[in-house]
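Thanks, everyone, for making time this morning. I would like to walk you through one model, taking the sheet before the helices and the core.

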Amino acid sequence: MATNQKPVFGYVVVYVKDVAASVAFYAKAFGYDVRRLDESHRWGELETGNTTIAFTPIHQHETDNLTGAVHNSGSGGERPPMEVCFVYSDVDAAYKRAVENGAVAVREPEGKEWEQKVGYVRDIDGNVVRMGSHVKPPE
């Protein structure tokens, strides 16, 4: 029996070296509240609205043999094939806060031709985080 049920986007999972450190970093650098950090420190979540950002260790016996091992990019000149983007009304202030709290500056916020202001940082694991304003809808 087929249904027309549409999925709800529930999680983005970020694989990190130290779950507790990453949860604390994202809370402080990007302004999120911690929703959950397991006592085992193998899972953490932030209060982010409709979609959860979750953190889990890079290597896990539950999934490494099932879906393959996670590999980090080899250098600062490489990056994974995805990034997270946080939207702020004041991108400059958010960018400054992130860098002051341990994010590695990549590119200061600048205006884009699609009428969005965007800046880039790296988190404590080297993952790229885009910090942008809302994109103005087309007229």
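**The sheet, its helices and the core**

Strand 6 and strand 7, the latter covering residues 117–122, run antiparallel and are joined by five bridges, and within this part of what is, please bear in mind, a predicted model, G111 stands opposite K117 of strand 7. These strands belong to an open sheet of four, in the order 5-8-7-6, with mixed pairing. Strand 5 and strand 6 (104–111) are at the edges with a single partner strand each, so one side of each has no neighbour in the sheet. On average, and ignoring direction, neighbouring strands here are turned by 20° against each other.

Turning to the helices, helix 3 lies across strands 6, 7 and 8 and runs at about 175° to strand 6, whereas helix 1 lies across strands 5, 7 and 8, at about 25° to strand 8.

Let me stay with helix 1, where D18 caps the N-terminal end, placing a side-chain oxygen 3.2 Å from the backbone nitrogen of A20, and where the residue that follows the helix, G31, has a positive phi near 90°. Nine of the twelve residues of helix 1 are buried, including V23, Y26 and F30.

That brings us to the largest nonpolar core, which has 24 residues, and in which Y26, F30, F55, F86, V129 and M131 touch the most other members. Helix 1 makes the greatest contribution to this core, with six residues. As for V129, its contacts beyond four places in sequence include Y26 and F30, together with V84, F86 and Y120.

Note on methods:
Residues numbered from 1 in each chain as written. Predicted model: local features only at pLDDT ≥ 70, side-chain atom pairs only at ≥ 80, totals over all residues. Heavy atoms only, no water. Core = buried A, V, L, I, M, F, W, Y, C linked by side-chain atoms within 4.5 Å. Buried < 20%, exposed > 50% of the residue type's maximum accessible area, 1.4 Å probe, protein only. Helix = DSSP H or I, 4+ residues; strand = E, 2+ residues; numbered from the N terminus. Contact = heavy atoms within 4.5 Å. Polar contact = N/O pair within 3.5 Å; in protein donor to acceptor, adjacent residues only side chain to side chain. Pairing = 2+ DSSP bridges. Axes fitted to C-alpha atoms, helices over the stretch in contact; angles between N-to-C directions.
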